[in-house]
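The sequence and structure are shown first.

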Amino acid sequence: MGGLRTAEALRKAGYAGPLRVIGEELHAPYNRPPLSKDVLSGTVTHEAVAFPQRAATADVEWMLGARAVSADLTARTVTTGDGVAHPYAALVIATGLRPRRLALAELPGRHTVRTLDDAMALRDELQPGARVVIVGSGFIGCEVAATARKLGCEVTVASPSTLPIVRPLGPLLATEILARQQAHGVAFRLGRAVTGLVGASRLEGVVLDDGAALPADVLIEAIGSDCNSEWLAGTGLDCSDGVLADAAMRAVGVDGTVHDDVYVVGDIARFPNAMFDDVARRVEHWNIPTDTGKRAGFVLAALLESPEGFSDAVQTPFAPMPAFWSNQFEVALQAYGLPGLADDIRLLEGSLDSEAIVGYYRDDRMVGVVGLGMKAALLPYRKVIAEGGLSVLGST
Ligand SMILES: Cc1cc2nc3c(=O)[nH]c(=O)nc-3n(C[C@H](O)[C@H](O)[C@H](O)COP(=O)(O)OP(=O)(O)OC[C@H]3O[C@@H](n4cnc5c(N)ncnc54)[C@H](O)[C@@H]3O)c2cc1C
C-alpha cells in the first residue's frame, strides 16, 4: 500500500520518469484490514481486496514475486534475489512488517494473518466446530477471534496481557471488549504464554506456561510484528526499530546523515509527527502508508523534477492524523490520534455498555479519542487533537 500510494503521489506531483516497484508478494497491492474481518468469513479472493489501479500509475513497472536482498546507497542500487542490481535515482523503502512467530516446531495447523495467502490458508481451516487457539490479544487477535467465532469455531485467546488490546486502548475500553468477546463465547486465558505444541504430524493442542494443555486444530499467532529491514543491513541507515526518517520522510543514518534520495513510508517508517512532539515513532495504522506516501512523493518529485523547489517541499509542515478502526462482533471502534501516549483516560460521552466516546490525555492535552460506535460524534474531538489538544471540548 505504501509503495502504491507513493507511486501515485509522485505522478500527481508531476514526476513523469520511470517508476519500478519491487514486491515480494505475487499479488498486486491489496487492502489488508479485511483479511482479519469480512474477507475471512467469506471466500477470500484478490478481487475482493485489490486496490483499484489508477490511470496515473498505469505505466509503473511492477516486479512482483521479487525480493530485495540488499541495497548500496553509494552505488545507488537495489539487488534482488536473482542477483540483479537495479540502479535508481531515488529509493523508497516500503517493506512493512511480518508477523512475529513463536519459537516452536513447525506443524500444519499453525497460522499467521498478514498476507492474502495467509488469509486463504487460514480460511480453509476455520470450519464449524474447529478448535481454534489464538495467541495474542491485540487488534488482530481479537478481530480474528470474532471472525472465527462467527464461523462456528470454538475459540480461546491466550495472551500474556491482563486485558485484550490494553496497550493502545487502556483498561476502560479493554475491559468492555473482554466482556463483549466473552458474551459471544470466546474464552480467554489471560496472563498466559504458549510454551509448547502437542502433535506429531499436525497440531493437536497447545501447552500454556501454567502447564494447561488446550486441544487445538488451529493455532493463530498474533503476537506482534517485526520490521522487514534486514535487506538494508550495511547501508548505515538507522534500522533500530523500523527505519528512521525525518518529517520529510527522508531516511536518516545512524550517524544522523539525512539522505535526500532515500525515503521511508508506511508501517516500517519511524518518523516524528509535529501533532504530538518530536519523538520518532512507527504507527501501524491504515492511513499512514497513504499519508507518508503522499508526503514522500511530494518531496521526492520536487527533488527529481524541480530541485529549486526541493528545500521548500522539505520544509512544508507534516502532521498526519493517525486513524484506525476495528470491528469485532457488534463492536465498531474508531480512533484518532495516539491513545497509547495517554497518562489519563476519561469517559467523555455515552456509556461503555452501549456506545461511548473515550478521551486520552497527556499532560492534560488530548492526544487521542476512541469511539465505541458514535462515529459522527468523534469528529469535533479529532479537530481538538489536530489543533494541539488544548481546547476545553471533552475536558470535563
Ligand atoms: C490482518 C490485518 C488487519 C489490519 N486491520 C487494520 C484496521 O482495521 N485498521 C487499521 O488502521 N489498520 C489495520 N491494519 C494495518 C494496515 O493494514 C497496515 O498499516 C498497512 O497495510 C501497512 O502498509 P505498508 O505498505 O506499510 O506495509 P505492507 O502492507 O506490509 O506492505 C509491505 C510489502 O512489502 C513486501 N516486502 C517485504 N520485504 C520485502 C523485500 N525485501 N523485498 C520486496 N518486497 C518486500 C511485503 O511482502 C509486502 O507486500 C491491518 C493489518 C493487517 C495485517
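Which residues of strand E4 (residues 77-80) lie on one side and which on the other, and are they buried or exposed? Thr 77 and Thr 79 lie on one side of E4, Val 78 and Thr 80 lie on the other, and all are buried, leaving both faces of the strand covered. This description, like the rest of the report, refers to a predicted model.

Strand E3 (residues 68-72) runs antiparallel to E4 and is joined to it by 4 bridges. Within this pair, Ala 71 has Val 78 of E4 as its bridge partner. The two strands form a hairpin with 4 residues between them, and Arg 76 in the turn has a positive phi of about 55°. E4 also pairs in the antiparallel sense with strand E5 (residues 85-87), over 3 bridges.

## Domains and the parallel sheet

The domain assignment divides the chain into domain 1 (2-24 + 65-95 + 226-315), domain 2 (101-223) and domain 3 (330-386). The C-alpha centres of domain 1 and domain 2 are 34 Å apart.

Five strands make up an open sheet with parallel pairing, in the order E8-E15-E9-E10-E11. Its edges are strand E8 (110-111) and strand E11 (187-190), each of which pairs on one side only. Strand E9 (residues 131-135) and strand E15 (residues 218-221) are paired in the parallel sense over 4 bridges, and Val 133 stands opposite Leu 219 in E15. Helix H5 (residues 139-150) packs on this sheet, where it touches E9, strand E10 (154-159) and E15. The direction of H5 makes about 165° with that of E10.

A second open sheet contains 3 strands in the order E6-E19-E18, with mixed pairing. Strand E6 (91-93) and strand E18 (250-252) are the edge strands, each pairing on one side only. From one strand to the next, the twist averages 60°. E18 and strand E19 (residues 258-264) run antiparallel and are joined by 2 bridges, and the bridge partner of Val 252 in E19 is Val 258. H8 packs on the sheet through contacts with E6 and E19, its direction making about 140° with that of E19.

Helix H8 spans residues 287-305 and includes Thr 290. Thr 290 counts as buried because its relative accessibility is 16%, under the 20% limit. Setting aside residues up to four places away in sequence, Thr 290 touches Met 1 and Arg 5.

## Ligand surroundings

The ligand is surrounded by 32 residues, the closest being Glu 25, Arg 32, Lys 37, Arg 114 and Asp 267. For Ala 68, a polar backbone atom is 2.9 Å from a nitrogen atom of the ligand.

Val 358 belongs to strand E25 (residues 356-362). With a relative accessible area of 0%, Val 358 is buried. Apart from residues up to four places away in sequence, its contacts include Leu 172, Leu 173, Ile 345, Leu 348 and Val 369. The C-alpha atoms of Val 358 and Pro 339 are 9.6 Å apart, although 19 residues separate the two along the chain.

Two residues other than glycine take positive phi values in loops. Phe 329, with phi of about 50°, lies between strand E22 (323-328) and strand E23 (331-337). Asp 363, with phi near 50°, is found between E25 and strand E26 (365-372). What sets the burial of these residues apart? Phe 329 counts as buried at 16% relative accessibility, whereas Asp 363 is exposed, with a relative accessible area of 62%.

Technical notes:
Residues are numbered from 1 along each chain as its sequence is written. This is a predicted model: local features need pLDDT of at least 70, side-chain atom pairs count only at pLDDT 80 or more; totals for chains, interfaces and linings use all residues. Side-chain values use heavy atoms; hydrogens and water are left out. Buried means under 20% relative accessible area, exposed over 50%, partly exposed in between (1.4 Å probe, protein chains only). Contact means heavy atoms within 4.5 Å. Domain bounds come from an automatic or database domain assignment. Two strands pair if DSSP finds at least two bridges between them. Axes are lines fitted to C-alpha atoms, for helices over the stretch in contact, and angles run from 0 to 180 degrees between N-to-C directions. A residue is near a molecule or strand if one of its heavy atoms lies within 4 Å of it. A polar contact is a pair of N or O atoms within 3.5 Å; within protein, one must be able to donate a hydrogen and the other to accept it, and residues adjacent in sequence count only if both atoms are side-chain atoms.
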